[in-house]
Each structure stands twice: as C-alpha cells, then as structure tokens.
Amino acid sequence: MILETARLQMREMNLSDINSLSSILQDENVMYAYNGAFNAEETMEWMMKQMLRYKEYGFGLWGLFLKDTDEMIGQCGITMQEYKTAKVPEIGYLLAYRHWHNGYATEAAIACRKYGINTLHFKALYSIIRDTNTASQRVALRIGMTPIDSIIKHYRGVDMPHIVFRTE
C-alpha cells in the first residue's frame, strides 16, 4: 500500500487488476475526456505504462480501492507529464462511473497532493485537465489548485484544449 485515507487505499496495480481496470477504462461514461472508451489492447497498454512508471519513477497512477470491500474503484496518483518544455508532476484521478459524486476523487487527490509535497518533495504539482471535464476541474479547485494556463494536447488523433492547474 502506498497511501491510505479514511475510506480508501492506493497501491501499485499489477496484472491481476486488469479486469477491474478494464471495466473502468472501457466505459464511455468514464472515458469521455479521453475521446472515448479504450479497447482491450489500449487498456493493456495503459496498465503496462503504469507499471513502467512505478519502476522508472517510484510512482504513477495507483489503483484506488475501497477499504471496507477492497473493490478497485479507479486510479489516482502522480505521473510526469509534458508541459511546455519540461516534465511536471501531475495529480491524476479516474473513477468508475458508479462511484462518482461520493468525494472519492477529492479524498484521494488530497492524499496525493500531500504525498507529492511531503514525501516526494515536489515544489509544485499540476493537473492538466480537458476543458470539457468540469468535474475533474472542480476536484482540482477543491484540493487547492489554481488554473494557470491553457494548452492544446493532441491525443488519439484529436486536438484537445486543456486547462493547466497548479498548487504549491
């Protein structure tokens, strides 16, 4: 286990989590900000990318589990993302649709913010969020982030406007 909150645990994912991850990443409701649900191959690539991040950086998007049932309800963590001419630490979160609006994303993101500042010693943390993803933008604001910029990210064949949030 990497992090724990009142209701949640975060840990590195492994291949035994692929079915739970698939149910999240292959849901159109969840993946609208990524321009649609992933297929099985894209889901496996996503999983392998997280496992590589764990080895390369010691962190990444962790599996997000309910403490009382051990059900995987999403992902939250810190990844290194391109922003302007550098890589910056980004807090990211993605939850199964049926677990939206329960405060889990905010709870997990707060824990990641504290971990990023206090344990990983980052001076600032970012969240780079698609302009249409107002729910994730509200989470960023709730955890004390401020919008500082807007950029265009090219992803899955589409130019997508994003808002860059930052906290120190």
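Let's start with two tyrosines: both Y83 and Y126 are buried. Bear in mind that this is a predicted model.

**Aromatic rings**

- You'll find nine aromatic pairs in the structure.
- Take F59 and F122: their rings sit edge-to-face, with 5.9 Å from centre to centre and 85° between the planes.
- F59 belongs to the loop between α2 (40–57) and β3 (61–66), while F122 belongs to the loop between α3 (104–118) and β6 (125–130), so this pair ties together parts that are 63 residues apart in sequence.
- Buried or exposed, what is F59? F59 counts as buried, because its relative accessibility is 5% and the cut-off for buried is under 20%.
- F122 is buried too, at a relative accessible area of 19%.
- Now back to the two tyrosines: the ring centres of Y83 and Y126 are 5.8 Å apart and the planes meet at 45°, so that pair is tilted.
- Y83 is in strand β4 (residues 72–83) and Y126 in strand β6, so to speak a link between distant parts of the chain, 43 residues apart.
- There's also one aromatic cluster, made up of Y34, F38, W46 and Y155.

**Helix α4**

- Which residues of helix α4 (residues 134–142) are buried? They are S136, Q137, V139 and A140.
- These four cover an arc of only 155° around the axis, which puts them on the same side of α4.
- Here's a handy bit of background: an α-helix has 3.6 residues a turn, so residues three or four places apart point the same way.
- And what covers those buried residues? The cover includes β5 (86–95), α3, β6 and β8 (158–167).
- Just after α4 comes G144, which takes a positive phi of about 95°.

**A nonpolar patch on the surface**

- L15, M44 and M48 make up a nonpolar patch on the surface, and together they have about 250 Å² of accessible area.
- M44 has its place in helix α2.
- With 33% relative accessibility, M44 counts as partly exposed.

**Salt bridges**

- How many salt bridges does the structure hold? It holds six.
- As a reminder, side chains of opposite charge can pair when their charged atoms come close.
- R11 and D17 form one of these salt bridges, with their closest N and O atoms 2.9 Å apart.
- R11 is partly exposed, at 26% relative accessibility, whereas D17 is buried, at a relative accessible area of 5%.
- In another salt bridge, the side chains of E71 and R98 meet at 2.2 Å, N to O.
- E71 sits in the loop between β3 and β4 and R98 in the loop between β5 and α3, so the pair ties together parts that are 27 residues apart in sequence.
- E71 counts as partly exposed at 24% relative accessibility, and R98 counts as exposed at 62%.
- The side chains of D149 and K84 meet in a salt bridge as well, at 3.6 Å, N to O.
- That pair links distant parts of the chain, with D149 in strand β7 (residues 146–155) and K84 in the loop between β4 and β5, 65 residues apart.
- Of these two partners, D149 is partly exposed, with a relative accessible area of 24%, and K84 is exposed, with 65%.

**A look at L94**

- Where does L94 lie? L94 is in strand β5.
- L94 is buried, because its relative accessible area is 11% and buried means under 20%.
- Leaving out residues up to four places away in sequence, L94 touches I24, L25, V30, M31, Y34, I73, G74 and Q75.
- One of those contacts, Y34, also turns up in the aromatic cluster with F38, W46 and Y155.
- As for P161, it is 67 residues from L94 in sequence, and the two are 19 Å apart in space, C-alpha to C-alpha.

Note on methods:
Residues numbered from 1 in each chain as written. Predicted model: local features only at pLDDT ≥ 70, side-chain atom pairs only at ≥ 80, totals over all residues. Heavy atoms only, no water. Phe/Tyr/Trp six-rings, centres within 6.5 Å; stacked < 30°, edge-to-face > 60°. Helix = DSSP H or I, 4+ residues; strand = E, 2+ residues; numbered from the N terminus. Buried < 20%, exposed > 50% of the residue type's maximum accessible area, 1.4 Å probe, protein only. Arc of directions from axis to C-beta. Contact = heavy atoms within 4.5 Å. Patch = residues over 30% accessible without salt bridge, like charges linked within 9 Å, V, L, I, M, F, W, Y side chains within 5 Å. Areas by Shrake-Rupley, 256 points an atom, 1.4 Å probe, with all protein chains shown as cover. Salt bridge = Lys/Arg side-chain N within 4 Å of Asp/Glu carboxyl O.
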